[in-house]
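Please read them with the structure open.

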Protein chains: 2
Amino acid sequence: MKAEIIAVGSELLLGQITNTNATFIAKNLAEVGIDVYYHTVVGDNPKRLDEAISIAQQRADLIIFSGGLGPTKDDLTKETIAKRLSSSLIMDRKALGNIEAYFKRTKRTMTENNKKQALIIDGATVLENRNGMAPGMAIEKEGKRYILLPGPPHEMEPMFINEAIPYIVGAVGIREVIASKVLKFYGIGEAELEHRVQDIIERQTNPTVAPLASRDAVTLRITAKANSTEAAQNLIAPVEAEIRALVGEFIYGIDEDTLSSKAAELLLQQSLTISAAESLTAGLFMSELSEQAGISASLKGGTVVYNEEEKQRQLHVPKELIEKYGVVSKECAAALAQQVKLKFNSDIGVGLTGVAGPDPHDQKPMGTVWIGIETHKGEVKTFKLELSGTRNTNRRRAANFALYYLIKSISENEGQK
Amino acid sequence: MKAEIIAVGSELLLGQITNTNATFIAKNLAEVGIDVYYHTVVGDNPKRLDEAISIAQQRADLIIFSGGLGPTKDDLTKETIAKRLSSSLIMDRKALGNIEAYFKRTKRTMTENNKKQALIIDGATVLENRNGMAPGMAIEKEGKRYILLPGPPHEMEPMFINEAIPYIVGAVGIREVIASKVLKFYGIGEAELEHRVQDIIERQTNPTVAPLASRDAVTLRITAKANSTEAAQNLIAPVEAEIRALVGEFIYGIDEDTLSSKAAELLLQQSLTISAAESLTAGLFMSELSEQAGISASLKGGTVVYNEEEKQRQLHVPKELIEKYGVVSKECAAALAQQVKLKFNSDIGVGLTGVAGPDPHDQKPMGTVWIGIETHKGEVKTFKLELSGTRNTNRRRAANFALYYLIKSISENEGQK
């Protein structure tokens, strides 16, 4: 089964918004083993949309549309598809009821053009929209399947997962189960990771092992196909073990874990409190940690000390230490961690100091960062980074490395890898 | 002139990455008045790429490719285009020199397959790659123009702006100049803004006025076409004045301004120092401010006080005040601002306290936020927000509102709007 994704909307064509819907749909189709061969973006223009459909009919069995189901006169997706399929639009009573209820609930007056959203292609299966008004549709004609989804991601995404995927899986009769596990890495580059696990990647066909670098992390996705979820997971396990044996030291989590969620999870599990003294990151480390709900049980607070004077005034970093080693030093990072731990009476103290850039500081080049951690066992660890990004990627990486070293410090103390 | 953008790459097709290149290219083509009618994404498959080119040749005069110029055997864009144009690939000496220099500079060994990147389509104009190895190309054949760009955005974007756009403008002989000015708004929703300036939007044809909402801000872009930049700017000025008269109070900046760049600019211009006491944002406000280079002259630092105890211990917020009003209150926000200003001896103090969520706190619902600012004139201002986002959108909006109120507080003191 070959699929094509057609996103409809002039705002996409003009570059005012990015086609993240195609990314989402493609990723989820890949998970159920359906190959996508083309993505197309076309504007709110019925003639060009019709041509795009005509081309897609020649090269795909499943055509998935997003956008153009709304109430305005620009929204023409279902009208154009109905015409091409020699079908007509009919009023769907249930969809109309949902729209009326929506207006009642939000205490707004329903204008006549909103009724247009309840029109569906005759013979289509309605895909319910739980986050908006315009229903989605699925229809089969002459061996081709068409799925119509609304444009706003918060409406499209749950509809695709909860309504469209089951329809597709049912219609196509997919018997195979696909399971995957994502290993999350930090502190190792994509090229280096690929190089180290290259043999495994090349050898595998089921499961497959695919590296992927996002802005701040590197991941390996292990994906297996089998007759049951359990069987697929059994295929994944030995490959995961093999990868962990090679590069396990850089793994900080799996699947949906992020550096901050993993750090928060470990802190809360072990009832450890934390505080931080931040210079170049100016609060970013604490802010990332506090993205996690419930972190107030662990994060007591901390101090942002952005210049030398405040490092002395607020955190009593000795003047002599700064004069001897400079503020961007192993010694200053350790002092920051120790002093903030004392000041906030927390189990763990973290200190961050460095040169974000663009200019060097204290004869240290841009990108030099020192991280200090005093653990709940009183052990003081320091880590040096030599980053090569812009001012703000350096700041973000420094905060992320601090989370990574924090995770490693807590898990090591537990005897975990 | 009709344009089509073809992005080549299986990682796009599989949804592993998003086609932000199309967004960037489309937006910049719109700026020079070129209409894009289709975006296409196709995988690293020469047959399907060739079919996509064949379709594009029938419906576009300018075809812009991104991706597939790299050294690996998957990279087939120029090979496929050369074949379709009945042309051949030749080694470009200058490009080869750049690649060899790149390897020398990074002290790595150049493998044979890297030479492939220096092959260009015979007759093409080379577009220099200043941020990577693979050169871009521009070629004309039988009235159609083809532009080949590398896939990585940090290579593609500067090449497109500096090399491709001048080529296109020169080749097409665009005589018209397009100028635009973006007005940046905060504290007003997109729907409300559109409603208030609807008459202006509907009345205008040159300049046009287009609203656009991004994740955290709302903008109006005023775009004029004329024979010269000056003439275009003269068309923009009266429309801008009209908009400012209606909704000027919500404008915080123009063009590339962000809330943090504008706040930093005003602080540095007026030589004002600042410190902050952050509860729900846990450092995000200070971190956003410190995205701006040079801010160390203004940002002295601050305190993150994540629980009630630390608000008392670190910042001497009176126990009685907290007992009477709670930590999420006008009084607590004001006290945080005043105390942190004292503690850091800064000109301005900012306090942030609130309920990020997901749970309510102190009988205050999720999304309740109080911001306090003590200005350099000793005036204490407080602002209440009732946000309706998730935990982390609430945290981000609270930090952004604090930047917005800071901007307003400093500019008002200057007598600006």
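Predicted model: local features only at pLDDT ≥ 70, side-chain atom pairs only at ≥ 80, totals over all residues.

The points below go from the chains as a whole to single residues.

1. Domains. Chain A is assigned domain 1 (2–172), domain 2 (177–254) and domain 3 (259–414). Taken over C-alpha atoms, the centres of domain 1 and domain 3 of chain A are separated by 48 Å.

2. Charges over rings. Two arginines deserve a look. The charged end of Arg48(A) sits over the ring of Tyr37(B), at 3.6 Å from the ring centre; this places a residue of chain A over a ring of chain B. Within chain B, the ring of Tyr38(B) has the charged end of Arg59(B) over it, 3.6 Å from its centre.

3. Aromatic pairs. How many aromatic pairs does the structure hold over all chains? There are 14. One of them joins Tyr186(A) and Phe401(A), edge-to-face, with 4.9 Å from centre to centre and 70° between the planes. The partners come from distant parts of the chain, 215 residues apart: Tyr186(A) is in the loop between β9 (177–185) and α7 (190–203) of chain A, and Phe401(A) is in helix α14 (residues 391–414) of chain A. Tyr186(A) counts as buried because its relative accessible area is 5%, under the 20% limit. Phe401(A) is buried too, at 13%.

4. In chain B, Tyr404(B) and Tyr405(B) make a tilted pair, 5.5 Å centre to centre with 50° between the planes. Tyr404(B) is buried at 5% relative accessibility, and Tyr405(B) is buried with a relative accessible area of 14%. In chain A, ring pairs link Tyr186(A), Phe383(A), Phe401(A), Tyr404(A) and Tyr405(A) into a cluster.

5. Ser409(A). This serine lies in helix α14 of chain A. Is Ser409(A) buried or exposed? Ser409(A) counts as buried, at 4% relative accessibility. Beyond its neighbours within four places in sequence, Ser409(A) contacts Ile373(A), Thr375(A) and Lys381(A). From Ser409(A) to Glu374(A) the C-alpha distance is 9.4 Å, across 35 residues of sequence.

6. Nonpolar core. The largest nonpolar core has 123 residues. Which of them touch the most other members? They are Phe185(A), Ile243(A), Phe285(A), Phe185(B), Ile243(B) and Phe285(B). For Ile243(B), leaving aside neighbours within four places in sequence, the contacts are Leu183(B), Phe185(B), Val197(B), Ile200(B), Val209(B), Leu220(B), Ile222(B) and Gly248(B). In soluble globular proteins, nonpolar side chains tend to be buried together.

7. Helix α10 of chain B. This helix (residues 259–269) is mostly covered, with eight of its eleven residues buried. The buried residues are Leu259(B), Ser260(B), Ser261(B), Lys262(B), Ala263(B), Ala264(B), Leu266(B) and Leu267(B). Please note that Lys262(B) is in this buried set, as are Ser260(B) and Ser261(B). After α10(B) comes Ser271(B), which has a positive phi near 50°.

Terms used
Residues numbered from 1 in each chain as written. Chains lettered and ligands numbered in written order. Heavy atoms only, no water. Phe/Tyr/Trp six-rings, centres within 6.5 Å; stacked < 30°, edge-to-face > 60°. Helix = DSSP H or I, 4+ residues; strand = E, 2+ residues; numbered from the N terminus. Buried < 20%, exposed > 50% of the residue type's maximum accessible area, 1.4 Å probe, protein only. Lys NZ or Arg CZ within 6 Å of the ring centre and 35° of its normal. Contact = heavy atoms within 4.5 Å. Domains from an automatic or database assignment. Core = buried A, V, L, I, M, F, W, Y, C linked by side-chain atoms within 4.5 Å.
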